[in-house]
Amino acid sequence: MATSTADMRLSGGHPALDLANTVDSRRDRWGPDLLRSFEDLLILTERLDLIDQQAASRLRGQAENDPRKAAAVLADGLALRESIYRLFLSEDAGESYPVADLSLVEDRARRGRAHQILAAAGAGYSWTLPFDDLSQLTQFFAIEAVELLIERDRRRSVRECKGDNCGWLFIDHSKSGRRMWCSDASCGSHARIKRFRSRMKGA
């Protein structure tokens, strides 16, 4: 079982979904919550290669100098996480996106868009955030979530892992498109063992 964002599996297939998955279990036993500090949020962003070392160091320094603001950004990040989770859980259920959650994600994304800069990316350019303010970390995840929503008709649906004590969200990038679990090595393996034991009891 993961203990923090430093050792959790990144199996969502998209940054916004990996943020939503920072609760170890969303089923019968909710938790533990792996996002307990601004540092946890920053570590997740680093593991997803969404921020360079210089920008990460700059934000760490700001968080150390202003712990109150870092705590406020974390609280906002947790609210954003739950809105993202509910949005894409509704997609898996074939339901309309919850209006309040859509509004929250849109608001944070709008704030982030206002600070984006055009930066060199490979042979071209792309819009990105300068990461010169702590709040831009959560805004970045909101922008990612909006992009995922916009791509709805050009991608596979987000799914909820049906594994016991899981409930994580993921996009199935497998060739067959029939993936059932967030991770075949964890939830998939546990499900197969459970079915085997059930058959043995019934034999």
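**Aromatic rings and cysteines in a predicted model**

A search of the whole structure, which is a predicted model, finds 2 aromatic pairs. In one of them, the ring centres of Phe88 and Tyr97 lie 6.4 Å apart while the ring planes meet at 70 degrees, and the pair is therefore edge-to-face, since planes over 60 degrees apart count as edge-to-face. Phe88 is buried, with a relative accessible area of 0%, whereas Tyr97 is partly exposed, with a relative accessible area of 25%.

The rings of Phe131 and Phe140 have centres 5.5 Å apart and planes at 50 degrees, so this pair is tilted. Both Phe131 and Phe140 are buried.

Another aromatic ring, that of Tyr85, has a charged residue over its face: Arg26 lies there, at 3.8 Å from the ring centre.

Turning to the cysteines, the structure holds 0 disulfides. Cys166 is in no disulfide, and the nearest cysteine sulfur, which belongs to Cys187, is 3.6 Å away. A disulfide is a covalent bond between the sulfur atoms of two cysteines, and a pair of cysteine sulfur atoms has to be within 2.5 Å to count as one.

Key
Residues are numbered from 1 along each chain as its sequence is written. This is a predicted model: local features need pLDDT of at least 70, side-chain atom pairs count only at pLDDT 80 or more; totals for chains, interfaces and linings use all residues. Side-chain values use heavy atoms; hydrogens and water are left out. Rings of Phe, Tyr and Trp (its six-membered ring) pair if their centres lie within 6.5 Å; planes under 30 degrees apart count as stacked, over 60 as edge-to-face and the rest as tilted. Buried means under 20% relative accessible area, exposed over 50%, partly exposed in between (1.4 Å probe, protein chains only). A charge sits over a ring if NZ of Lys or CZ of Arg is within 6 Å of the ring centre and within 35 degrees of the ring normal.
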